[in-house]
Amino acid sequence: MTARRLSTGGLIDRTQAVDFSWDGNPLQGFAGDSLAAALLANNQRIVARSFKYHRPRGIMSCGVEESGALVTVGDGDRRDPNVKATTQELYQGLVASGQNAFPNVRFDVGAVNNLFGRFLPAGFYYKTFMGLPPFESGSGTGYWMWCENIIRKAAGMGSASRAPDPDHYEHGHLFCEVLVVGAGPAGISAAIAAAELGLDVLLVEQDALLGGDLLGQSDAQASRDELLKALAASGVRVMNRTTAFGLYDHGAAGLVERVTDHITQPDPNLPRQRFWTVRAQQTIVASGALERHIAFDNNDRPGIMTAAAGRHYLNRYAVLPGQQIVIAGNNDSTQIVAMDMAAAGAEVTLLDARADIGDSTALKDAGVQIRTGTAPLSARGKTLNSIQLARGLPGAWQADEKLDCDALLISGGWSPVVNLISHRGARPQWNADNACFVVPEEFDGVRLAGSAAGVWQTQACEQSGRHAAMQAAKALGKTVSEAPGVSIGGWQTPIEPLYEINTEGRKSKAFVDLQHDVSSDDVRLAYREGYVSVEHLKRYTTLGMATDGGKMGNVIGLALMAEALGKDIPAVGTTTFRPPYTPVAIGALAGRSVSEHFRPLRRTPLHDWNLTQGATMTMAGLWHRPWYFARPGETINEAYIREAATTRSSVGLCDVTSLGKIAVQGPDATEFLNRIYTNPFAKLPIGKARYGIMLRDDGIVMDDGTTWRLSETDYFMTTTTVNAAKVLTWLEELLQTRWPELRVHVTSVSEQWAGCAIAGPKSREVLSACVHQTRAVSNEALPFMGVIETALQGGIPCRIARISFSGEMAFEAYVPSDYGPAMMDLLYPQAALHEGCLYGLEALGTMRIEKGHVTGAELDGRVSIDDAGLGKMASPNKAFIGSVLRQRPELMRSDRPQLVGIFPKDRNATFNVGALLCAADEISGMGEGWITGATHSPELGHWIGLGFIKGGVDAWQSKIAVAADPLRDQQTEVEIVSPHMVDPSGERMHG
Amino acid sequence: MANRLSALAGHYSPGRFGAEGQAGVHLSVVADLRLHQVAAWPDSLPAVGQLLANSIGQAAKPGPGCAISSEQGAVLRIEPLKFWLLNLDPPTIEAEQGCSLDLSHSRTCVHIDGPQAQEFLGRLLPLDLRAAAFPDNRVASSALHHVGVTLWHRGGGYDLFIPRGFAVSIWEVLHATALQFGLEIS
């Protein structure tokens, strides 16, 4: 092939030369070029190596269906593999290189695979290496895994950078009445017509330029300009460089906009790509049609491309793909290509498989040599230098003479791009007259127009677009005049179905799916292996599985399978198209949800204050909470032990804002609480709090917390941090579906209040120094489980309950969130006067384990109220959620795992959370229980734990258990004790 | 009385950021938000709605997803039975009629305006903000970067109510997204 740039013509900007690098070599193109066009203009014939056989590949198309020119673009942390050179816009400084080749695509040692190609058919690797005696037997797969590692290195595509993606991406949302996909003649006409009817229209086009097929036509500039002018005046919103990759329910469409992929030095404020979700009331798909290859021997040689691609390179980029050009096809669309090539100065021969091609006067006048009843039988040369011809009829070809050429342009017919409407569930139907799949004109608010609907002529496509717009407007309730529809087809002379060319008994390497090196022999092998379904064919051969999604090869594969089966194509069926239509970068899917914004961070009002005090933070759901406050030189262990010990001996302050908080309000609030909690709430006095357990319907514990009665009709409920949203949703569900007659409103007030626990024997002194009226927190005014609403100094409104999670005399104080730091500025100096401290989650955990207080670690969705040792809180005198099913025999068994405390037999030993509790004489299987919490107890001076074990404490009083930790290879003998390991009578907290 | 400390205090600074030229997006943090929720019962909804409308000198309560406002304050209908009152204390509501709740500290309110405010919000919210679908005084609950938020189209701009704990995280996303339009923070 001697491709070259013509001195005139094209839509490129010749005033802007563009330097780029290909495989380390500096080359030049023009602004407006695609990378493929620029490579072609520089006569780069081999630009890639094939997936399996490492065969040389060139540029085979001009669009998203490209199977050959897959390259790597960019370098360093911006290395992007498997980019179709045909869709990559050229820009100054672009760096591109070949892939899947060593040392380079022009000379690749991996090409040795091709020599053994006949021994490497579909399924070869699995059949040969899986279960290969004596390496593998039974269910072992070790040898195969070893082989697979080597095979994967020998076959494949490019490799992405392993460095973090330096670019950013974003999501966006768009709404419109009519979404038009594709800005070819049909799409633009549809958009204009819909806009003229007053509809809000969004037109998206994957290419940088609008025009679709018009961009490849030699005489369409004026009509394109006219269409674009009308489009600009219509008010249609236009998005170019934007691919509609999927259609979903209720008019939703997924788009990817390539914002800066064509820019040398993009504005750092711009995302590289945007992932758009469009919600359209009607959708018109004018996504065009893709020209098919034909399977014949060596049909993958560099120099062979589709006919329309050749024309596109000539007319859009002013690149003549060869000097001696053969054009081979089976339909009318090749004729205009031949005339354009001849007009550009090439020596052109047109091969047509059909015996009759209609009036050929214009072709002959243009100097085109015509051979009817002729097709390419085999391509010759590492890069194309000649072809052997076949004469006759499809199915009865005879080898004919050789013909020298440097470019072969192929058209095996056209496949409408029906992918998007197929995403919605429309089944493509085979249209034998046009040898292609088509879908119904309308399906669930989606309409096809133009060649996507099987309409082949430009003017008919425009009419088809207008018709679709009228129908869409009608569906939206507009009164419109009827625009006539357009029939499928448009050839002057009918197409002759042609999928493979070969003569009887001739060996051939004819590719069906070029990207995955699936040949026609592979399809027939699949048939011989007994695969009769197209879905099996796909999985056995990998036909259609590559990044092109079978755009080039699926129909040929179906046709060959049908032939092997002796059936028609419709009887074989077609595989289901699924999104995305073209690959979507993971970065675009993630949008801004990456790095520190992978998930939103939830900060308490005391967040910055805690950091100022030296907190080391940890995640608690989405919350960031203080883990511990290490003093200089302290380890985490030293810090939490000190914090827990200080709290028990003096006073400690802890940010408890993350606890869920729900306002329960209304005349029926008391009745509501009485129904959802296991224990009685009907007589809870105003100014008192009560610990409560709520169950699920099935009798399993859902959550626990305290609920404070603020007034006759107003309660303040706290939940665990992790279950805050779940409990609120549950309460809403109950009110809206089961008890709509109850006049109760529940509202999350988790964000309204900043909370601090003040715990320890000195807690009252600390608090009394901070409240507006000291006596408000006296033992009389605020006894255990008492609640007051008061004010801190400075007039900060505050609600306080005397409740304890640590087991010490303790208070929880809540102030409106914006006053949170001010509250801490009052409390902490007072605590410091008593040599108190701040404590974090680790010390909080230590103290609650010492006391045997349960959290989400214990209430894990499997535990009954009796298992948790709280059975006495289940009232026998009232009905509550879960009251019936908690009494199922299975939940009442006495040998169920029950909450226990755990001491190491050797008090210097430790054990881990997650360890299994086993009988000492049977350390196997799932054991008799498990450990949910473990810590060093400053109070007891040794390691302790909480967990569950069958039968509870009573069953293990004289037995030694073993904390077995097979994952960490540790076994510790333990004693099972009461979960209330410190101050079991509660004297301290009752104070 | 101690001063209120916004969730965003110390996390932003006024100025001009991002793309040059005219700023497409203006962000400002609403100081000392006053926000009360009033919830009615199904049978008391007309009376409570009327009471709230009267409290700001308006004739009728807002419909679902709508707001009414005056110099005295604003009433947003955020749920079929729930209203938000902005910048005024709620009238006395008897328990038989409904209940009120102070939520002033539960949300951080960011006001968004500028010539590209609508386009900017389209990058963040799955809401149809076209003029016909979301005119002035429309209210919607939605999700922004996984967080439930409330948006009020007010006077050509938008008030975005963010749960306080997520305010910094959401602010960072707002800031990063706005840079491409040219951002002015006041």
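Residues are numbered from 1 along each chain as its sequence is written, and chains are lettered from A and ligands numbered from 1 in the order in which they are written. In this predicted model, local features need pLDDT of at least 70 and side-chain atom pairs count only at pLDDT 80 or more, whereas totals for chains, interfaces and linings use all residues.

Chain A is divided into four assigned parts: domain 1 (167-290 + 414-487), domain 2 (602-658 + 752-839), domain 3 (660-748) and domain 4 (887-990). These bounds come from an automatic or database domain assignment. The C-alpha centres of domain 3 and domain 4 of chain A are separated by 32 Å.

The largest nonpolar core holds 169 residues. Such a core is a set of buried Ala, Val, Leu, Ile, Met, Phe, Trp, Tyr and Cys residues joined through C-beta atoms within 7 Å; buried means that 20 or more other C-beta atoms lie within 10 Å of the residue's own, with C-beta atoms placed from the backbone. A190(A), A191(A), A194(A), V201(A), I327(A) and L408(A) touch the most other members. Helix α5 (residues 185-196) of chain A gives the most to this core, eight residues. Helices (H or I, at least four residues) and strands (E, at least two) are DSSP runs, numbered from the N terminus. Another core, of 117 residues, lies apart and includes I693(A), M847(A), A868(A) and A961(A).

Strands β21, β22 and β23 of chain A form, in that order, an open antiparallel sheet. Two strands pair if DSSP finds at least two bridges between them. β21 (374-380) and β23 (396-404) of chain A are the edge strands; each has a single partner strand, so one side of each lacks a neighbour in the sheet. β22 (residues 386-393) of chain A pairs with β23(A) over seven bridges. Within this pairing, R391(A) is bridged to Q398(A).

Strand β51 (residues 970-977) of chain A is joined to antiparallel β46 (residues 897-904) of chain A by four bridges. P904(A) has V974(A) as its bridge partner. β51(A) also pairs with β50 (residues 961-965) of chain A, antiparallel, over five bridges. There, D965(A) is bridged to Q970(A). The hairpin of β50(A) and β51(A) has four residues between the strands, and D969(A) takes a positive phi near 50 degrees.

Between chains, 42 residues of chain B are in contact (C-beta atoms, placed from the backbone, within 7 Å) with 40 residues of chain A. On the chain B side, β3 (35-40), β7 (98-102) and α3 (167-178) each supply at least two residues. The largest share, seven residues, comes from α3(B).

Methods. Two residues are in contact if their C-beta atoms, placed from the backbone, lie within 7 Å. A residue is buried if 20 or more other C-beta atoms lie within 10 Å of its own, exposed if 12 or fewer, and partly exposed in between; C-beta atoms are placed from the backbone.
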